Amino acid sequence: MSDKKKVDSDTLSQQRKAREEFLELKRIQSGEISAPPPPSAEAVEPKTAEEKAKNFWYYYRWAVLAVVFIAIIIAICVKQCVSKIKYDVRVVVYTSSPVSDEDCGRMEKYFEKYCDDVNGNGSVDVQVINCSYSEKGNRNTIITNNTKVQSIIAAEYDVVLFITDKNTYDYLNSISNTGELLEKNCSIQLDDEFYKECDGDSDDLFEIPKDLTVSRRIIDGTTFEKNKKAVTHYKAAGEMIEKMKKK
């Protein structure tokens, strides 16, 4: 083949290739066919399992970490809910003389002797909430404890027993809309057995105040009256006090 014919053939081939590329471009622009991947993408396409794993981690690592974090939070919340103690009876110690948390812990054991397994979980558990304060103490502490007790009365349906002295007994009755908060017929003055079992050693910061009374709160005429769980705890508290009276 002469040089001229060879040049003519190459020119025709280039023209044909250019025309084909032009037609392909038009088809891509019209959406008739999809665009091929760029050469660079083909060059880095992961092929092995290790390469695919690295590629996935590079693009989705933050999404994976977010999912793991949320899963951990959910697991912690579920564990806390499952392990949380469901108390059969909850009692507030509300006195104008301080009571130590250690003595409140002993009170829990004392009251458990007279309490039934209300929730049927196979265990009798009583919680004593310490809201005691000192009349001669910090004014802000007194206000804080008074506010805490009022909040419990208003919102916590399973707290129906209150340990009080004369001052706090009168105060609780004074804040009730009905004139009384604590039931006179469902109360008992705590006796020597209570003090013997609940008062701590001589190295305790405080001795349990004398002449304390444990009373059940009134739920008739309150928002708790139609709360089934509140009624259940209310009955359990009454049965506990009756057992203490008959011992």
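**Note on the aromatic pairs, cores and sheet**

1. Aromatic pairs. Searching the whole structure gives 8 aromatic pairs. Two rings of Phe, Tyr or Trp (its six-membered ring) count as a pair if their centres lie within 6.5 Å. Planes under 30 degrees apart are called stacked, over 60 edge-to-face, and the rest tilted. Tyr94 and Tyr171 form a tilted pair, with 6.2 Å centre to centre and 55° between the planes. Tyr94 belongs to strand E1 (residues 89-94) and Tyr171 to helix H6 (residues 166-174), so this pair ties together parts that are 77 residues apart in sequence.

2. Basis of the model. This is a predicted model, in which local features need pLDDT of at least 70, side-chain atom pairs count only at pLDDT 80 or more, and totals for chains, interfaces and linings use all residues. Residues are numbered from 1 along each chain as its sequence is written, and side-chain values use heavy atoms, with hydrogens and water left out.

3. Tyr94 is buried, at a relative accessible area of 0%. Tyr171 is partly exposed, at 27% relative accessibility. Buried here means under 20% relative accessible area, exposed over 50%, and partly exposed in between (1.4 Å probe, protein chains only).

4. Tyr110 and Phe111 make an edge-to-face aromatic pair: 5.5 Å centre to centre, 75° between the planes. Both residues, Tyr110 and Phe111, are buried. One aromatic cluster is formed by Tyr110, Phe111, Tyr114, Phe194 and Tyr195.

5. A charge over a ring. Arg216 lies over the face of Tyr234, 3.7 Å from the ring centre. The criterion is NZ of Lys or CZ of Arg within 6 Å of the ring centre and within 35 degrees of the ring normal.

6. Largest nonpolar core. This core has 29 residues, and Met107, Phe111, Leu161, Ile163, Leu190, Phe194 and Met244 touch the most other members. At least two residues each come from E1, helix H4 (101-112), strand E2 (126-130), strand E3 (159-164), strand E4 (182-189), helix H7 (192-198) and helix H8 (228-246). H8 gives the largest share, 5 residues. A nonpolar core is a set of buried Ala, Val, Leu, Ile, Met, Phe, Trp, Tyr and Cys residues joined through side-chain atoms within 4.5 Å.

7. What does Phe111 touch, not counting residues up to four places away in sequence? Its partners are Val126, Val128, Ile163, Leu190, Phe194, Met240 and Met244. Contact means heavy atoms within 4.5 Å. A second, separate core has 15 residues, among them Ile152, Ile153, Leu172 and Leu182.

8. Sheet order. The 5 strands form an open sheet, ordered E2-E1-E3-E5-E4, with mixed pairing. E2 and E4 are the edge strands, each pairing on one side only. On average, neighbouring strands are turned by 25° against each other, direction ignored. Strands pair if DSSP finds at least two bridges between them.

9. Strand E5. E3 and E5 (residues 213-217) pair in the antiparallel sense over 4 bridges. Ile163 stands opposite Val214, and Thr164 opposite Thr213. E4 and E5 also pair in the antiparallel sense over 4 bridges. Ser187 has Ser215 of E5 as its bridge partner. In E5, 5 of the 5 residues are buried, so this strand is largely enclosed by the rest of the structure.

10. Asn145. Is Asn145 buried or exposed? Asn145 counts as buried, at 13% relative accessibility. Asn145 is found in helix H5 (residues 139-155). Leaving aside neighbours within four places in sequence, Asn145 is in contact with Cys131, Ser132 and Tyr133.

11. Whole chain. The protein chain has 8 helices and 5 strands. Along the sequence the pattern is α-α-α-β-α-β-α-β-α-β-α-β-α. Helices (H or I, at least four residues) and strands (E, at least two) are DSSP runs, numbered from the N terminus. Of the 247 residues in the protein chain, 31% are buried. Among contacts in the protein chain with a separation of 6 or more, 72% are between residues 24 or more positions apart.

Note on methods: Axes are lines fitted to C-alpha atoms, for helices over the stretch in contact, and angles run from 0 to 180 degrees between N-to-C directions.
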